[in-house]
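Thanks, everyone, for making the time this morning.

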Amino acid sequence: MPQLSLHSPLGPLTLTEEDGAIISLDWGWGRDQTETPLLCQARDWLDAWFDTPKGQFPFALAPFGTTYQKKVWDALLRIPVGETRTYAQIAAEVGGSPRSVGQAVGRNPVPILIPCHRVVAAAGLGGYSGDGGVDDKVWLLELEGASLPR
């Protein structure tokens, strides 16, 4: 599978493509680097997004996951830049419990592009699976101009 890495304000990130879609975004520098048209466009979009976060990722995403996880991830894609939703709000939308939503959010293989950082706990930030943990979540939310929960 082709991979391409980029430098970001959160550290190195690596995009992975399969069958014309992005299947993962991982923290760290990938071992192999392949400049496909999609990976170059995705890298350039992310570079611009870190300068001015706006809009939804305009390229195909095909993360591997269960039907329920994909339902949760689709709900995350509907959260506008600069806004947050609670795990309970997502659960009310897609079914399940706040805990099951949290588990699906934590397994998101395409963070930032599927904006799991926009999901917060009812009383606080909740967790974040990025390399910098909750600090990365706070940084992303502040970049987007979101109000942080207290």
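Let me begin with Arg-43, which sits in helix H1, the helix that covers residues 37-51, and bear in mind throughout that what we are looking at is a predicted model. Is Arg-43 buried or exposed? Its relative accessibility comes out at 19%, and since the cut-off for buried is under 20%, Arg-43 counts as buried. As for its surroundings, once we set aside residues up to four places away in sequence, Arg-43 is in contact with Leu-4, Ser-5, Leu-6, Leu-15 and Glu-35. If you want a distance for orientation, Ala-60 lies 17 residues from Arg-43 along the chain, and their C-alpha atoms are 14 Å apart.

The second residue I want to show you is Asp-136, and for this one we move to helix H5, which is made up of residues 134-144. Asp-136 is buried, and yet it has no salt bridge; the nearest side chain of opposite charge belongs to Lys-137, and that is 12 Å away. What the side chain of Asp-136 does have is a polar contact with the side chain of Trp-27, at 3.4 Å.

A word on the cysteines. How many disulfides does the structure hold? The count is zero.

Stepping back to the whole chain, we have five helices and five strands, and read from the N terminus their order is β-β-β-α-α-β-α-α-β-α. The radius of gyration is 15 Å, close to the 15 Å given by the globule rule for 150 residues, so the chain is as compact as a globular protein of that length. Along the principal axes, the C-alpha trace spans about 40 × 30 × 25 Å. Of the 150 residues, 48% count as buried. Finally, if we take the contacts between residues at least 6 apart in sequence, 56% of them join residues that are at least 24 apart.

I will stop there and take your questions.

Terms used. Residues are numbered from 1 along each chain as its sequence is written. This is a predicted model: local features need pLDDT of at least 70, side-chain atom pairs count only at pLDDT 80 or more; totals for chains, interfaces and linings use all residues. Side-chain values use heavy atoms; hydrogens and water are left out. A disulfide is a pair of cysteine sulfur atoms within 2.5 Å. Helices (H or I, at least four residues) and strands (E, at least two) are DSSP runs, numbered from the N terminus. Buried means under 20% relative accessible area, exposed over 50%, partly exposed in between (1.4 Å probe, protein chains only). Contact means heavy atoms within 4.5 Å. Lys and Arg count as positive and Asp and Glu as negative; His and the chain ends are not counted. A salt bridge is a side-chain nitrogen of Lys or Arg within 4 Å of a carboxyl oxygen of Asp or Glu. A polar contact is a pair of N or O atoms within 3.5 Å; within protein, one must be able to donate a hydrogen and the other to accept it, and residues adjacent in sequence count only if both atoms are side-chain atoms. The radius of gyration is taken over C-alpha atoms; the globule rule is 2.2 Å times the number of residues to the power 0.38.
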